[in-house]
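Here are my notes on the model, written for someone who has not looked at it before. They go from the overall make-up to single residues.

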Amino acid sequence: MPYLSRIRINPLRTQSRRLLASPHVLHGAVQGGFPGPPGAERTLWRLDADDPYRPHVYVLSRSRPDWTHLVESAGWPGAAGEHAAVRDYAPLLKRLAEGQEYAFRLTANPVRNTVKPEFLTPSQAKKLARVPEGTKARGFRVAHRTAQAQLDWFLGHTDRWGFGVSGSRTDPAAPGLAEPSDDVRDVQDVQDVRPGSGPQEVRITARRRHSFAKGDGTRRVTFNSATFEGRLRIRDVELFSATLLAGIGPAKAYGCGLLTVAPLRQE
């Protein structure tokens, strides 16, 4: 039986700053919510820090967790309120139906596979050098780095995830309004990415490059993430349910892949 958890994080505490600074450290804290050896429980999780004064961690798990350690070390253990909400996820899955629309949020690691990366890393160059002559090399996983490419990746894969992105209901800007800043335009201008389709109800709200040491410090992990928000319409219930439970894309251990949905607000 799956469960969806939401844990409040106090950003002013020392342990909280360690968690917020490293997906690797936060992954370990998430795994600490389940009994058994590390990695025994496969989870999806996401850090939502758009409110810097009260970030939240969302976790989707197969078994019911205990977040006492996170609340005590990185939350507000003595304050009023619900510090770690844990909800049964099954009722949501049972309510899903074709044609339903939901607001959604997803932090993902947009990538593509290619046998000819534009810029070879030292490890990729070594792998290519070891490929026997006449043998086809395996593709390398390469990150999409621009907002345009990341949104293209997202919209190009929604069919295989069981949903489509709804058309935008935003009216044109009134005449005479100032042009948006470059930062805003970078997000707005990539909304219409399908010729003739019109704007899609999706936007990128955050983009980050993560880099941190793992293990004994000799190995470094680097990846890019993008947070997508908007409105989706379910096309295939079975496929969509599987997407919610399995997650989207790589880097799931580091906070990518969890797609969450919520009822649309009354307009």
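1. Helices here are DSSP runs of H or I with at least four residues, strands are runs of E with at least two, and both are numbered from the N terminus. Counted in this way, the protein chain has eight helices and 11 strands. The model is a predicted one.

2. Two figures describe the chain as a whole. Of its 267 residues, 42% count as buried. Among contacts between residues at least 6 apart in sequence, 73% join residues at least 24 apart.

3. Strand β1 (residues 3–8) pairs with β4 in the antiparallel sense over five bridges, and Arg-6 stands opposite Ala-85 in β4. The pairing of β2 with β3 is also antiparallel and has five bridges; there, Arg-46 stands opposite Tyr-58 in β3.

4. Is β2 largely enclosed or largely open? Four of the five residues of β2 are buried, so this strand is largely enclosed by the rest of the structure.

5. Helix α1 (residues 14–21) packs with helix α2 (residues 23–31) at an angle of about 115°, the axes being 5 Å apart. Angles of 65 to 115 degrees count as roughly perpendicular, which means that α1 is roughly perpendicular to α2. On the α1 side the contact is made by Arg-18, Leu-19 and Ala-21, and on the α2 side by Pro-23, Val-25, Leu-26 and Ala-29. By class, the contact has six nonpolar residues, no polar ones and one charged residue.

6. Which residues of α2 are buried? They are Pro-23, Leu-26, Ala-29, Val-30 and Gln-31. These buried residues pack against α1, β2, β3, α3 (68–74), β9 (202–214) and β10 (219–234).

7. The largest nonpolar core has 31 residues, and the members that touch the most others are Phe-154, Phe-228 and Phe-240. Helix α6 (residues 147–157) supplies the largest share of this core, five residues. Another core, of 15 residues, lies apart from it and includes Val-30, Val-59, Trp-67 and Leu-70.

8. Phe-240 deserves a separate entry. Leaving aside neighbours within four places in sequence, Phe-240 is in contact with Leu-96, Trp-161, Gly-162, Phe-163, Leu-232, Ile-234, Leu-259 and Val-261.

   - Ala-147 is found in helix α6 and is buried, at 4% relative accessibility. Ala-147 and Arg-203 are 56 residues apart in sequence and 9.6 Å apart in space.
   - Ile-204 belongs to strand β9 and is buried, with a relative accessible area of 4%. Between Ile-204 and Arg-105 there are 99 places in sequence and 9.8 Å in space.
   - Ala-143 lies in strand β7 (residues 140–143). At 18% relative accessibility, Ala-143 counts as buried because the limit is under 20%. Ala-143 and Ser-225 are 82 residues apart in sequence and 9.1 Å apart in space. Not counting residues up to four places away in sequence, Ala-143 touches Pro-110, Val-111 and Asn-224.

9. Most residues other than glycine have a negative phi. Phi of Ala-251, however, is near 60°, a positive value in a residue that is not glycine. Ala-251 is found in the loop between α8 (237–246) and β11 (259–262). Is Ala-251 buried or exposed? Ala-251 is buried, with a relative accessible area of 18%.

Technical notes. Residues numbered from 1 in each chain as written. Predicted model: local features only at pLDDT ≥ 70, side-chain atom pairs only at ≥ 80, totals over all residues. Heavy atoms only, no water. Axes fitted to C-alpha atoms, helices over the stretch in contact; angles between N-to-C directions. Parallel < 35°, antiparallel > 145°, perpendicular 65-115°, else oblique. Contact = heavy atoms within 4.5 Å. Nonpolar A, V, L, I, M, F, W, Y, C, P; charged D, E, K, R; others polar. Core = buried A, V, L, I, M, F, W, Y, C linked by side-chain atoms within 4.5 Å. Buried < 20%, exposed > 50% of the residue type's maximum accessible area, 1.4 Å probe, protein only. Pairing = 2+ DSSP bridges.
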